[in-house]
Amino acid sequence: MTRTLLITGASGQLGRRVARAAAAARWRVTGTYLREPVEIPSVEWKRLDLQHRDDVDALVCATRPDAVVHTAFLLAGPGFWTINADGAAHVARATAEVGARLIHISSDSIFDGEHAPYSEADAPSPITPYGASKAAAETAVGALLPGAAIVRTSLIVDDDPLDNHSRMIMDIAAGRRSVALFTDEIRCPIAAADLAAAVIELIDLPYAGPLHVVGPDDVSRYELGTLVARRYALDPALLAASTLAESGLRRPADLRLDTGRARDLLRTPLRGVREFLSPIQPV
Ligand SMILES: NC(=O)c1ccc[n+]([C@@H]2O[C@H](COP(=O)([O-])OP(=O)(O)OC[C@H]3O[C@@H](n4cnc5c(N)ncnc54)[C@H](OP(=O)(O)O)[C@@H]3O)[C@@H](O)[C@H]2O)c1
């Protein structure tokens with residue numbers, strides 16, 4: 001029997017990857033967007049603003065999904081707390097109401113970056129408004145739907161379409177932007193396709209609670225920049241290095257996540273960034 005998957009934020013970087021992979025795996029897919037949908041064969045599109053609880057309830061009730069993947073969010077700007085924290089609560093409540101499986105996407109930013117590596121047993125310790133909103137979302141999801149899986153991930157890297165981080169590196173290397181990349185800000189980037197496959201695999205596993213799903217290579221923002229530059233045959237020497245410590249910015253420095261649990265649980269291979277960003281060979 002064909003099963004139905006509802007993906008919030010299916011027009012976003014991860015959401016569209018999940019939508020494509022789910023459609024290929026023969027799910028009936030309903031995807032939500034806020035500004036405009038994107039072209040993905042066989043996906044049914046619905047506009048949704050997470051700030052309106054009644055709209056979330058109505059969509060989930062009408063879709064009657066077997067599973068919900070909640071990716072939609074806002075990094076910063078007006079309404080970000082309502083969208084991230086309250087929106088996740090609306091989705092969890094509505095999903096519980098119809099008895100569906102929920103995969104909630106969270107972030108390494110729920111940690112302070114001072115005590116890496118972090119395991120699923122570590123308590124959230126956010127130091128940014130965004131991190132705090134994602135930690136609040138986790139609390140709401142855990143309380144409203146204890147069976148939900150909460151996937152904590154890191155920088156999502158993609159080439160179709162190019163993700164924001166890679167686009168920024170291309171802009172710097174092309175002289176369109178001037179930003180120094182930190183050598184002391186550590187992340188475990190993941191390929192969007194790997195993360196999407198892991199999320200879909202997780203739907204059918206009886207896993208509840210937080211799960212760290214990131215790539216096995218930890219790199220600084222600067223090293224990530226050099227990997228992106230080399231992949232697209234740009235000169236890494238065009239990238240300027242700096243440090244978070246010197247910048248005066250309050251951001252988590254080291255967000256390495258322990259992925260032992262995910263590696264034991266999932267069959268989906270999670271490639272390291274040095275592998276999936278290897279240079280494209282000219283044909
Ligand atoms: N990207 C990363 O490097 C990264 C790192 C760690 C964790 N994460 C987590 O991964 C998830 C997906 O991130 P992403 O980078 O794929 O996101 P993204 O590309 O920024 O897409 C965000 C999605 O949310 C939708 N959206 C925004 N405001 C909304 C609202 N008020 N109501 C309903 N939908 C709304 C957007 O719709 P429109 O585009 O149609 O407006 C879009 O589909 C997020 O939960 C994020 O916290 C991401």
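A residue counts as buried when its relative accessible area is under 20%. Keep that cut-off in mind for the tour. The model on screen is predicted.

**Stop 1: Tyr118 and Phe111**

Select Tyr118. Its relative accessible area is 3%, so Tyr118 is buried. Phe111 has a relative accessible area of 0%, so Phe111 is buried.

Show both rings. How far apart are the ring centres of Phe111 and Tyr118? They are 4.2 Å apart. The planes meet at 10 degrees. Stacked pairs have planes under 30 degrees apart, so Phe111 and Tyr118 form a stacked pair.

**Stop 2: Tyr33 and Trp45**

The structure holds four aromatic pairs. For another of them, select Tyr33 and Trp45. This pair is edge-to-face. The centres lie 6.2 Å apart, with 70 degrees between the planes.

Colour the strands next. Tyr33 sits in strand E2, residues 28–33. Trp45 sits in strand E3, residues 43–47.

Is Tyr33 buried or exposed? Its relative accessibility is 17%, which is under the 20% cut-off, so Tyr33 is buried.

**Stop 3: Ser109**

Move to the loop between strand E5 (101–107) and helix H4 (129–144), and pick Ser109 there. Ser109 has 13% relative accessibility and therefore counts as buried.

Which residues does Ser109 touch, leaving out those up to four places away in sequence? Show Pro126, Tyr130, Gly131 and Leu255.

**Stop 4: the ligand**

Select the ligand and its shell. How many residues surround the ligand? There are 26. The closest are Ser11, Leu14, Arg35, Tyr130 and Lys134. Tyr130 is also one of the residues that Ser109 touches.

Colour the shell by residue class. Twelve of its residues are nonpolar, ten are polar and four are charged.

Now look for polar atoms.

- Asp49: a polar side-chain atom lies 3.0 Å from a nitrogen atom of the ligand.
- Thr71: a polar backbone atom is 3.0 Å from an oxygen atom of the ligand.
- Ile105: a polar backbone atom is 3.5 Å from an oxygen atom of the ligand.

On its own, the ligand has 910 Å² of accessible area, and the protein covers 88% of that.

Finish with the elements around the ligand. Helix H1 (13–24), E5 and H4 each give two or more residues to the shell. Which element gives the most? Strand E5 does, with three residues.

Definitions and conventions: Residues numbered from 1 in each chain as written. Predicted model: local features only at pLDDT ≥ 70, side-chain atom pairs only at ≥ 80, totals over all residues. Heavy atoms only, no water. Phe/Tyr/Trp six-rings, centres within 6.5 Å; stacked < 30°, edge-to-face > 60°. Helix = DSSP H or I, 4+ residues; strand = E, 2+ residues; numbered from the N terminus. Buried < 20%, exposed > 50% of the residue type's maximum accessible area, 1.4 Å probe, protein only. Contact = heavy atoms within 4.5 Å. Near = heavy atom within 4 Å. Polar contact = N/O pair within 3.5 Å; in protein donor to acceptor, adjacent residues only side chain to side chain. Areas by Shrake-Rupley, 256 points an atom, 1.4 Å probe, with all protein chains shown as cover. Nonpolar A, V, L, I, M, F, W, Y, C, P; charged D, E, K, R; others polar.
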